[in-house]
Amino acid sequence: MLIGILGIGSALAATELPPLPKMAQNIYWKDIGQRLTYIQEGHKGPVIYDFFDPNCPYCHGMYDEEQPLIKAGKLSVRYVPVAYLMPSSTPEAAAILQSPHRVLALQHFEGLAAKSFAAPMGPQGPVGLPQAKALPQTLHALKVNMAVLQSAHSMGVPAILYERKNGTTGLMPGMVSRGELLTIIPNLK
């Protein structure tokens, strides 16, 4: 099981994934895009994958940092849920992934999360967040998402995976500020 990085992100520099030949890097980027189950916000600018656990307050902070960049057309974010921080992570991720309108479900969830993380936590995590019984295909999708996160050598969430213009794949673990995102955007494919 991974250990969540709580607020250390900007202290950690963006890291390269293990060196692969350029062709293998391109295949890796395409492969993760086909394997992951995600919710995409934005359709302009470079694409990044943002791995999050529904019970991670720093993941919620990342969401808030990314929203102005998405709205400005500077970034497209594929939110990739994983579920390991708390027992309620799986049913909360399921509520988002099993919704017929995933983007709206994610936005609604994030709005509620802002209030939930400000209140005292219950023993199962933030109180009052939507939950659903995870279907077998949802459980499988969450396992695949977690396997990809682990293959990127991330120690937890939030974690951003991105492709540079030169074809290499990078990882930014932990909380990343809007300013840090703005510094990498010009170098992204």
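I started with H3 and listed its buried residues (under 20% relative accessible area, with exposed over 50% and partly exposed in between; 1.4 Å probe, protein chains only): Ser-89, Pro-91, Glu-92, Ala-93, Ala-94, Ala-95, Ile-96 and Leu-97. Eight of the nine residues of H3 are buried, so the helix is largely enclosed by the rest of the structure.

Ground rules before going on. I'm working on a predicted model, where local features need pLDDT of at least 70 and side-chain atom pairs count only at pLDDT 80 or more, while totals for chains, interfaces and linings use all residues. Residues are numbered from 1 along each chain as its sequence is written, and side-chain values use heavy atoms, with hydrogens and water left out.

Next, the overall layout. I took helices (H or I, at least four residues) and strands (E, at least two) as DSSP runs, numbered from the N terminus. The protein chain has six helices and six strands, and along the sequence they come in the order β-α-β-β-α-β-α-α-α-β-β-α. Of its 189 residues, 51% count as buried. I also looked at contacts (heavy atoms within 4.5 Å): among those between residues at least 6 apart in sequence, 77% join residues at least 24 apart.

Then, what does H3 meet in H5? I find Thr-90, Ala-93, Ala-94 and Leu-97 of H3 in contact with Thr-138, Leu-139 and Leu-142 of H5. I sorted the residues of this contact into five nonpolar, two polar and no charged. Here Ala, Val, Leu, Ile, Met, Phe, Trp, Tyr, Cys and Pro count as nonpolar, Asp, Glu, Lys and Arg as charged, and the others, Gly among them, as polar.

For the geometry, I used axes fitted to C-alpha atoms, for helices over the stretch in contact, with angles from 0 to 180 degrees between N-to-C directions. H3 (residues 89-97) and H5 (residues 136-151) pack at about 105 degrees, with their axes 10 Å apart. That makes H3 roughly perpendicular to H5 (65 to 115 degrees; under 35 is roughly parallel, over 145 roughly antiparallel, the rest oblique).

I stayed on H5 for its burial: Thr-138, Ala-141, Leu-142, Val-144, Asn-145, Met-146, Val-148 and Leu-149 are buried. After H5 comes His-153, with a positive phi near 65 degrees.

Last, the cysteines. Are Cys-56 and Cys-59 buried or exposed? Cys-56 counts as buried because its relative accessibility is 1%, and Cys-59 because its value is 4%. I searched the whole structure for disulfides (cysteine sulfur atoms within 2.5 Å) and found zero.
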